[in-house]
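Here is a short report on one protein model. Look at the strands first, then at the pocket.

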Amino acid sequence: MTEIKLTSDELKLISLFSSVTSATARDCIVDDKMDRVIFVVNKGQMGLAIGKGGATIKQLQQVVGRKVELVEFSDNPADFIRNMLNADMVSDVRINDRMDGTKQAIVTVDQRKKGAVVGREGRNAEKARLLAKRYFNISSVLIVSPEQQITNRVNMSNG
């Protein structure tokens, strides 16, 4: 696992997160491109961070002044990616070592749910890429449907 360095702004946000939610964030990413702040929450603390009916996270968003997204941490890369992308919609996550020494995550989702998993303007896919790289040095996250996987396998065996 790579060491993560936080800026003073990120450290302030983590401290703010703790005081508003009483939960512990182990990391914070300010994503200016998507105008959001992503907090990585310690395992088992999502409920505390969200609050009853989402009240705590709404309060946090008002204080922070931008959209707040939460991801529950896991030291298992496949589970962590599942947590980032909405675990209920993900049927499989495989981590592959590629020829060039990089790692790739292949996430299988139902074709009908692919849009929801990827997110508007690809924001969920982007979050998964940011965090997978940051924590597990996984350089790409592919979101595919089972139909695409079958096609890929056929193409690979013909090549």
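Which residue in strand 5 does D97 stand opposite? D97 faces K103. The model is predicted, so local features need pLDDT of at least 70 and side-chain atom pairs pLDDT 80 or more, while totals for chains, interfaces and linings use all residues. Residues are numbered from 1 along each chain as its sequence is written, and side-chain values use heavy atoms, without hydrogens and water.

**Strands**

Strands here are DSSP runs (E, at least two residues), as are helices (H or I, at least four), numbered from the N terminus. Two strands pair if DSSP finds at least two bridges between them.

| Pair | Sense | Bridges |
|---|---|---|
| Strand 4 (residues 90-97) and strand 5 | antiparallel | seven bridges |
| Strand 5 and strand 6 (residues 138-144) | parallel | six bridges |

K103 also has a bridge partner in strand 6, namely I138. The hairpin of strand 4 and strand 5 has five residues between the strands. There, G101 takes a positive phi near 90°. Strand 5 (residues 103-109) is mostly covered, with six of its seven residues buried (under 20% relative accessible area, 1.4 Å probe, protein chains only).

**Pocket**

A pocket is an open set of points on a 1 Å grid where a 1.4 Å probe fits, with protein on both sides within 12 Å along at least five of seven lines; lining residues have an atom within 4 Å of a point. Of its 15 lining residues, K67, E69, L70, N124 and K127 are the closest to the centre. Strand 3 gives the most to this lining, with four residues.

How values were computed. Buried < 20%, exposed > 50% of the residue type's maximum accessible area, 1.4 Å probe, protein only.
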